[in-house]
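Colleague: Please take a close look at one part of this model, the packing. What can be said about it, contact by contact?

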Amino acid sequence: MHFQEIFKDSLLRLPKTVPTKKNYRTLIKEMFNNYLGLFEQVDEIAVKIRGLKEERTIKSIISVQQKFIDGLSESLDFYYDGQPAKAYEKFRKTMDQRVRSFKTLQNIREYPKGESFYRIRIKEENYPFNTSEMFHIPFHLRGKVTTQRYSIPGFPSLYLSKAIFVAWEELKRPNLDKFQVVRLESIEPISCLNLTKPEWGDDPMQISAYRYLIIWPLIAACSIRVANPSDSFKPEYIIPQMLLQWIRNNGEIDGIIYASTNINLKTGKALKNLYNVVLPVKDNKDQGLCSALTKKFHMTPSVSRQLLHASASAGITIRSRAENQRIDDKIPVLEIIKGHKSNYSSSELGKLEMVLDSMKTEPIEPE
């Protein structure tokens, strides 16, 4: 087959679910083998990728990707063998080697000043959270930091979403009257490793698509739905948590951009704003918030649907077509109920987002 046909293969479509008769490690290694098998089926000897100076031979791609996959697999094996320190050391060497050898192929996204993100917290009472309560779990409450996909127990991280809808899905669709939400605005550039699918249209023979393809084994290992949510140990979190640790130690990268495993994108298209961002804390303190992260953001006051209803007049707020279109451009088609598609601006979540986008942000208060 032709090289560009790899990009159409259903194997690359994520997230995936662990089949009933398999476990996470078995699934990942099977996916890795199938991934290499795609390159072995390519008819061309070499391919030219726009944005790269030289052609890449299929043989060299297979060789490089085999080493990358072996490193990830060995890290997983060490962890399963009860040796988390050896697991991380192998993972670190694998990632460092990839960065040293292929720096131009790092899939890094730089957010400029003025970028908006959203964060939700559950609260039944109608008294608004203060800004520090809507940031990461403070250091003196680190005992509340449980294991999450990109969170090591006891180590706070700041989870953000690029749309309120995504944050709502991440919390498993809480009651619309039982959460509060804020908008955070970046006041410094933010650099993130991007684990999401870019838009390449009908032409994947370009550097952005190629970057995604060669980092795909790492993305796949981080994008498996949790098979047993009630279990204390979730193997689906092993690689993501080691990746977060590597980001924390890297120094040049602030966080990770990743797709939600709670949103099923059957089309396999690019995510637009259907993704999350996680930023590990950079401080190691006993009290308060990470000063490095608080310096990167300003935040709106927290709002909720009930608070807005209580404060609004009896009249209906009329939005311009341009305002509605700006919100709809974030999520072109919203399908919360299967078979029922709507504009994001007409949804309760889209309306909340529209209100937050019009609100002024302020510095985050210290804890």
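Modeller: H1 and H5 are roughly antiparallel to each other, where angles under 35 degrees count as roughly parallel, over 145 as roughly antiparallel, 65 to 115 as roughly perpendicular and the rest as oblique. This is a predicted model, in which local features need pLDDT of at least 70 and side-chain atom pairs pLDDT 80 or more, while totals for chains, interfaces and linings use all residues. Residues are numbered from 1 along each chain as its sequence is written, and side-chain values use heavy atoms, without hydrogens or water.

Helix H1 covers residues 24-40 and helix H5 residues 207-221; the angle between them is about 165°, and their axes lie 10 Å apart. Helices are DSSP runs of H or I with at least four residues, numbered from the N terminus. Axes are lines fitted to C-alpha atoms over the stretch in contact, and angles run from 0 to 180 degrees between N-to-C directions. H1 and H5 cross in a right-handed way (the near helix is turned clockwise from the far one by less than a right angle). On the H1 side the contact (heavy atoms within 4.5 Å) involves Tyr24, Ile28, Met31, Phe32, Tyr35 and Phe39, which meet Leu213, Ile214, Trp216, Pro217, Ala220 and Ala221 of H5. By class, these residues are 12 nonpolar, no polar and no charged. Ala, Val, Leu, Ile, Met, Phe, Trp, Tyr, Cys and Pro count as nonpolar, Asp, Glu, Lys and Arg as charged, and the others, Gly among them, as polar.

A second pair is H3 (residues 84-101) with H6 (residues 238-250): their axes come within 10 Å and cross at roughly 60°, so H3 and H6 are oblique to each other. The crossing of H3 and H6 is also right-handed. From H3, the contact takes in Ala87, Tyr88, Phe91, Arg92, Met95, Asp96 and Val99; from H6, Ile239, Met242, Leu243, Gln245, Trp246 and Asn249. Nine of the residues in the contact of H3 with H6 are nonpolar, two polar and two charged.

Helix H4 (residues 164-170) holds glutamate 169, a buried residue at 7% relative accessible area. Buried means under 20%, exposed over 50% and partly exposed in between, with a 1.4 Å probe and protein chains only. Beyond its neighbours within four places in sequence, glutamate 169 contacts Asn262 and Ile263. Isoleucine 263 is 94 residues away from glutamate 169 in sequence, but 7.1 Å away in space, C-alpha to C-alpha.

Definitions and conventions:
Helices (H or I, at least four residues) and strands (E, at least two) are DSSP runs, numbered from the N terminus.
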